[in-house]
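Here is a friendly walk through one protein model, to be read with the structure open beside you.

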Amino acid sequence: MDLIVRNARLVDGDDRVDLAVRAGTFADIGAGLKAQAQTEIDAGGNLVCPPFIDPHLHLDAALTAGIPRYNISGSHPEGIQVWGEYKKAYPQFEDFKDRARRAVEWEVAQGTLYIRTHIDICDPSLTALKYMLELQEELSEIADIQIVAFPQDGILSYSKAPDLMREALTLGADLVGGIPHCEWTREDGVASIGIVYALAEEFDRMIDVHCDETDDAHSRFLEVLASEAIKRGFEHRVSASHTTAMHSYNNAYAFKLQGLLSRAGVNIIANPFDNTVLQARFDTYPKRRGITRVKELLAAGINVSLGHDSIMDPWYPLGKGDMLAAAQLAIHVCHMSGFKEMQQMFDTITINSAKTLGIADSYGIALGRRADFVILDAGSVLDALRLCPARLSVVKAGRVVAETQPSQSRIQYGTEQKVVNFQTNS
Ligand code: FE2
């Protein structure tokens with residue numbers, strides 16, 4: 001064997017097992033394996049889980065917070081204004097690769113090995129997209145990255161967008177994006193979804209659309225996206241990101257919509273960091289929470305995953321690329337602090353996202369699958385969600401791609417020091 005991890009606790013089991021890796025795949029899994037390996041890691045009863053997945057990240061804006069200035073109000077419109085100022089300051093995206101590479105490294109160091117990134121193609125030179133395609137290749141050693149051709153300014157509201165979308169897909173963008181709620185009219189929004197599907201059919205690509213990212217209860221493009229998926233045979237190949245208008249729909253309409261989403265197999269991607277700070281800015285009190293109906297969608301059997309969305313950009317100034325932190329926040333704002341609900345939330349950053357990315361058949365800790373996994377400084381899923389602990393080792397295809405030393409706190413009693421252990425193994 002090339003690598004053996006001893007004394008691992010898996011997500012769905014209390015017993016300790018060993019994981020043996022050969023030629024980049026799981027070759028044996030079981031208690032007390034007799035095999036030996038060149039490299040052995042003792043997990044010491046810590047949780048070993050499949051890698052985290054970030055299915056929604058804007059790498060073109062990542063780490064631009066404060067450049068050229070911070071968003072003073074914190075609002076979405078001012079974020080757009082600051083982004084315009086950034087583009088004036090860096091018209092050639094000179095710093096793009098350094099920033100995006102750093103953001104990916106942050107995510108990998110925290111156990112995320114799969115990323116889907118939206119890159120704005122509303123630029124006649126497609127500069128950011130071309131840089132991103134280079135980075136996708138350069139970073140393939142540490143992360144698998146899918147690129148969405150994302151028309152930030154709209155497909156019909158920005159006349160060059162359809163041609164630029166086609167060019168981006170020809171160059172190698174993996175998915176077709178869209179933003180129907182930002183088109184100038186409802187009719188344009190519906191028509192833009194038609195263009196999204198036409199491109200997806202032409203290039204045989206999956207779809208991931210920013211959909212109904214607004215507080216406006218009249219924004220109803222998700223029903224169009226889902227119904228077209230059924231009509232055109234795109235079931236389970238379409239994702240709808242954000243869908244925050246759903247928190248404002250009346251319950252009767254939301255119920256009808258859930259049936260349609262279920263039938264169409266549309267994946268929903270919620271983004272708790274950005275949407276809890278950007279939505280409901282027109283509310284006084286009561287103030288809406290700004291996130292889609294994660295709990296209700298999951299209960300209806302719809303595949304929901306979480307994205308990080310922004311890492312320090314004009315719309316969200318915080319974040320460090322930690323998907324466990326995204327899940328922790330979602331537990332709070334989605335009222336999912338029930339015991340089983342917290343376990344369910346862990347799925348939204350792991351196996352649910354694997355379905356969203358179309359990699360469910362090759363993902364997970366199982367014989368014959370690619371040996372991707374994370375060893376956490378926590379003994380259980382609940383401790384992982386509570387502590388967002390150090391990712392001690394991050395392994396991609398059997399190779400350790402990141403390691404972290406956990407921090408240690410000590411209490412001073414007189415002349416004696418006591419090491420603080422935050423773990424409970426609950
Ligand atoms: Fe987004």
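## Helix H3 and its neighbours

In helix H3, the buried residues are Thr127, Ala128, Leu129, Met132, Leu133, Leu135 and Gln136. Please keep in mind that this is a predicted model. What do the buried residues of H3 pack against? Their partners are helix H2 (96-109), strand S7 (112-120), strand S8 (144-150) and helix H4 (161-171).

H3 covers residues 127-138, and at 1.5 Å a residue its 12 residues should span 16 Å; the end C-alpha atoms lie 17 Å apart, which agrees.

## A four-stranded sheet

Next, find the open sheet of 4 strands, which runs in the order S3-S2-S1-S4 with mixed pairing. At its edges stand S3 and strand S4 (39-42); each has a single partner strand, so one side of each is left without a neighbour in the sheet. From one strand to the next, the twist averages 20°.

Strand S1 (residues 3-9) pairs with S4 in the parallel sense, over 4 bridges.

## Aromatic pairs

How many aromatic pairs does a search of the whole structure find? The search finds 13. In one of them, Phe26 and Phe373 have ring centres 5.8 Å apart and planes at 35°, so the pair is tilted; planes under 30 degrees apart would count as stacked and those over 60 as edge-to-face.

Phe26 belongs to strand S3 (residues 25-30) and Phe373 to strand S14 (residues 373-376), so this pair ties together parts that are 347 residues apart in sequence.

Elsewhere, one aromatic cluster is formed by Trp83, Tyr86, Tyr90, Phe93, Phe96, Tyr131 and Trp315. Tyr131 of this cluster falls within the residue range of H3, 127-138.

Arg220 is also worth a look. The charged end of Arg220 sits over the ring of Tyr253, 3.7 Å from the ring centre. Arg220 also lies over the face of Tyr249, at 5.7 Å from the centre of that ring.

Technical notes: Residues are numbered from 1 along each chain as its sequence is written. This is a predicted model: local features need pLDDT of at least 70, side-chain atom pairs count only at pLDDT 80 or more; totals for chains, interfaces and linings use all residues. Side-chain values use heavy atoms; hydrogens and water are left out. Rings of Phe, Tyr and Trp (its six-membered ring) pair if their centres lie within 6.5 Å; planes under 30 degrees apart count as stacked, over 60 as edge-to-face and the rest as tilted. Helices (H or I, at least four residues) and strands (E, at least two) are DSSP runs, numbered from the N terminus. A charge sits over a ring if NZ of Lys or CZ of Arg is within 6 Å of the ring centre and within 35 degrees of the ring normal. Two strands pair if DSSP finds at least two bridges between them. Axes are lines fitted to C-alpha atoms, for helices over the stretch in contact, and angles run from 0 to 180 degrees between N-to-C directions. The expected span of a helix is 1.5 Å times one less than its number of residues. Buried means under 20% relative accessible area, exposed over 50%, partly exposed in between (1.4 Å probe, protein chains only). Contact means heavy atoms within 4.5 Å.
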